[in-house]
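Please look over the structure below. The report that follows covers charged pairs, a helix packing and a loop residue.

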Amino acid sequence: MIKAISLEKSYGNNKIIKNVGLNVDRGEFVSIMGKSGSGKSTLLALLSGSLAPDSGEVYLDGESIIGISDKKLAKLRRTKLGFVYQSLNLIPTLNARDNILLPLYLNREGREKSEERLIQTVKFLEIESLLKKFPAELSGGQRQRVAIARGLIHSPQIIMLDEPTGSLDSKTTTSVMELLCKINAEKGVTILQVTHSEDAAAYSDRIIRMSDGEVLS
């Protein structure tokens with residue numbers, strides 16, 4: 001599902017990613033772990049196509065994303081990938097409903113199909129009561145669930161998460177990770193998360209550890 005070969009990335013004279021290769025199989029739940037500055041978030045950006053490597057290859061579902069047109073890459077990211085960022089990137093002037101629907105608006109999905117997907121997604125995540133609330137009115141865990149709903153609503157094959165529990169307390173972290181396990185198990189979505197939390201990583205099938213831009217295991 002995700003394959004990287006000999007990835008390299010530098011900023012000036014500072015090499016951030018050093019000859020990284022990895023494979024993530026369809027339906028796996030994989031965590032990338034490492035200390036701050038280890039290169040794990042940069043690696044996630046390379047794997048998602050939001051950052052271009054200096055050299056190497058990235059394949060998503062058997063298709064190379066290196067050197068393809070911006071239009072084709074944007075379509076692939078809108079249809080096959082779902083994202084949940086550490087900052088969540090919820091739009092404060094939109095309520096939860098419109099934040100969740102944003103990927104479908106960008107994909108110009110029809111209203112009827114969008115509503116159907118919305119109902120299915122919020123019911124699955126048990127957040128029906130949050131739809132009219134704005135981000136400022138939600139708790140940290142509720143905002144995280146809304147962000148996950150936005151990443152899930154277009155039925156992606158892969159969800160990538162950057163420190164999804166970084167700002168959450170232990171109880172909320174458990175709730176969010178159990179939710180991700182449910183998405184992985186019941187919907188068969190491949191999940192790749194970057195985290196520094198051993199507790200969060202413990203929910204995954206496999207852990208890839210990084211240090212100084214290199215994969216250790």
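## The E115–R97 pair

E115 is partly exposed, at 27% relative accessible area. Its salt-bridge partner is R97, and the closest N and O atoms are 2.0 Å apart. E115 sits in helix α4 and R97 in helix α3, so this pair ties together parts 18 residues apart in sequence. R97 is also partly exposed, with a relative accessible area of 25%. The model is predicted.

## Other salt bridges

Side chains of opposite charge can pair when their charged atoms come close. The structure holds 11 salt bridges. One of them joins E198 to R209, with the closest N and O atoms 3.2 Å apart. E198 belongs to helix α7 (residues 198-201) and R209 to strand β9 (residues 206-211), so the bridge ties together parts that are 11 residues apart in sequence. E198 has a relative accessible area of 44%, which makes the residue partly exposed. R209 is partly exposed at 33%.

E63 pairs with K72 in a further salt bridge. Here the closest N and O atoms are 3.3 Å apart. E63 is partly exposed, with 23% relative accessible area. K72 is partly exposed too, at 43%. Salt bridges also link R26, D61 and K80 in a network.

## Helix α4 against helix α5

Two packed helices are described by the angle between their axes and the distance between the axes. Helix α4 (residues 111-125) packs on helix α5 (residues 140-152) at an angle of about 140°, and the axes are 10 Å apart. The crossing of α4 and α5 is right-handed.

Which residues make the contact? From α4 come T121, F124 and L125. From α5 come R145, I148, A149 and L152. By type, the residues of this contact are five nonpolar, one polar and one charged.

## N95 in its loop

N95 lies in the loop between β6 (81-84) and α3 (96-106). Is N95 buried or exposed? N95 counts as buried, because its relative accessibility is 17% and the cut-off for buried is under 20%. Leaving aside neighbours within four places in sequence, N95 is in contact with L131, K132, K133 and F134.

Methods: Residues are numbered from 1 along each chain as its sequence is written. This is a predicted model: local features need pLDDT of at least 70, side-chain atom pairs count only at pLDDT 80 or more; totals for chains, interfaces and linings use all residues. Side-chain values use heavy atoms; hydrogens and water are left out. Axes are lines fitted to C-alpha atoms, for helices over the stretch in contact, and angles run from 0 to 180 degrees between N-to-C directions. Helices (H or I, at least four residues) and strands (E, at least two) are DSSP runs, numbered from the N terminus. A crossing is left-handed if the near helix is turned anticlockwise from the far one by less than a right angle, and right-handed if clockwise. Contact means heavy atoms within 4.5 Å. Ala, Val, Leu, Ile, Met, Phe, Trp, Tyr, Cys and Pro count as nonpolar, Asp, Glu, Lys and Arg as charged, and the others, Gly among them, as polar. Buried means under 20% relative accessible area, exposed over 50%, partly exposed in between (1.4 Å probe, protein chains only). A salt bridge is a side-chain nitrogen of Lys or Arg within 4 Å of a carboxyl oxygen of Asp or Glu.
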